[in-house]
Amino acid sequence: MKRLIFILAVAAAWCSSALAQSSNEDLKRYVPILPSVKAQFFDVDPKLGYAVKNVGRDMYVISDNMWQSAFFVTADGVIVFDAPESFGKGIPAAIAKVTDQPIKYLVYSHAHKDHIGGSTVFKDIKDLKIVAVDGVAAFLKEENDPNRLIPNVVFADRKTITLGGKSVELTRHFYHSVEGDLFIYVPSAKFMMAVDCVTPGYAPFQGFDITANFGQYMKVFAELMAYDFETFCGGHLTATGSKKDVEITEEFTMDVYQTVKRVHNNLDQNAVVAQAAQIVGTDNKFLLFKVVLDRVTSDSVKELQPRWINRLAGVDVWMESQVRAAILYVRWDDKY
Ligand SMILES: [Zn+2]
């Protein structure tokens, strides 16, 4: 028995070291971050865990180089946009360094906890207005998460906050989360915040920013470009961006969509299935279908990767997931 346990222990150790080695090799296949993107990293003080950047006209963006939130200083108080769980607790101190004005509003871009899971730091602020669309408010009420304060100012489609003679325009969109997403627009600062759609310098995160609706995601760029803004805040990573970043992400998205559509619709699926069936038979229908989807994926990635690898960071990491997200739309929603 002892001997068997010894053999099993040796086998387990070997397996885990073999696994570790192969994952090290896998990691080395990825390219270094583009220098142009690295140059945009916020200069984060490791003790604080975040950095604050004035993007002009009383508008500030806070980042820990992974998540972003923002705040707007007016003559009658401060409006905060999102409180990420990573550095949320530092936001009041970051604001206090810039202004003596009290925090009057907290606006939620959407319900996801990585963006608002630090909101409890605001729980003792008297008369704080916590603003969200109705879908987000209903979800948070039901979820009753102690880390996400429940909104007390709820609206359906659009709302304008006026404070200290300045305004913030909130409009509901559907490009990312099931509960609803906001465009947060500050006209006097020419500032637009739309979280989880465009990440300046980078390809979108996995599967077009884990969109719940790729059809709506493809519309977000035109919806953003209709506004007059100079600074774009996407809620993630390092840099703030501009309209140019929205345009590049749209070009990327439409290239993936059109490539996947062409590859998918031109593939002789019967031939691919027949070839696989010669090896595995015809009983396992799921497997034969997977072979088709895998072929569309690999052919699309092979074509797209060289076109984008030197233009946006993260293409090597997430291109396959973008292609798979586009396949869901092309195969099940789109017309031929
Ligand atoms: Zn999200």
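Two residues are in contact here if their C-beta atoms, placed from the backbone, lie within 7 Å. Keep that in mind for the whole talk.

One caution. This is a predicted model, where local features need pLDDT of at least 70, side-chain atom pairs count only at pLDDT 80 or more, and totals for chains, interfaces and linings use all residues. Residues are numbered from 1 along each chain as its sequence is written.

Leu106 sits in strand S5, residues 103–107. Strands are DSSP runs of E, at least two residues, and helices are runs of H or I, at least four, numbered from the N terminus. Is Leu106 buried or exposed? Leu106 counts as buried because 28 C-beta neighbours lie inside 10 Å. The cut-offs: buried means 20 or more other C-beta atoms within 10 Å of the residue's own, exposed means 12 or fewer, and partly exposed is in between. Which residues does Leu106 touch, leaving aside neighbours within four places in sequence? Val80, Ala83, Ser119, Phe122, Leu128 and Ile130. Val153 is 47 residues away along the chain, yet the C-alpha atoms of Leu106 and Val153 are 9.9 Å apart.

Now the whole protein. It has 336 residues, and 38% of them are buried. There are 11 helices and 12 strands. The C-alpha atoms fill a box of roughly 75 × 60 × 45 Å along the principal axes. Take contacts between residues at least 6 apart in sequence: 64% join residues at least 24 apart.

Next, domains. The assignment gives domain 1 as 40–241 and domain 2 as 255–332. Such bounds come from an automatic or database domain assignment. Over C-alpha atoms, the two domain centres are 35 Å apart. At the boundary, 12 residues of domain 1 contact 14 residues of domain 2. On the domain 1 side, helix H6 (206–210) and helix H7 (214–225) each supply at least two residues. That side has seven nonpolar, five polar and no charged residues. Nonpolar covers Ala, Val, Leu, Ile, Met, Phe, Trp, Tyr, Cys and Pro; charged covers Asp, Glu, Lys and Arg; the others, Gly among them, are polar.

Last, a helix pair. Helix H8 (residues 243–266) and helix H11 (residues 315–332) pack at about 60°, axes 9 Å apart. Axes are lines fitted to C-alpha atoms, for helices over the stretch in contact, and angles run from 0 to 180 degrees between N-to-C directions. So H8 is oblique to H11. Under 35 degrees is roughly parallel, over 145 roughly antiparallel, 65 to 115 roughly perpendicular, and the rest oblique. Among the contact residues are Val256 and Tyr257 of H8, and Ala326 and Ile327 of H11.
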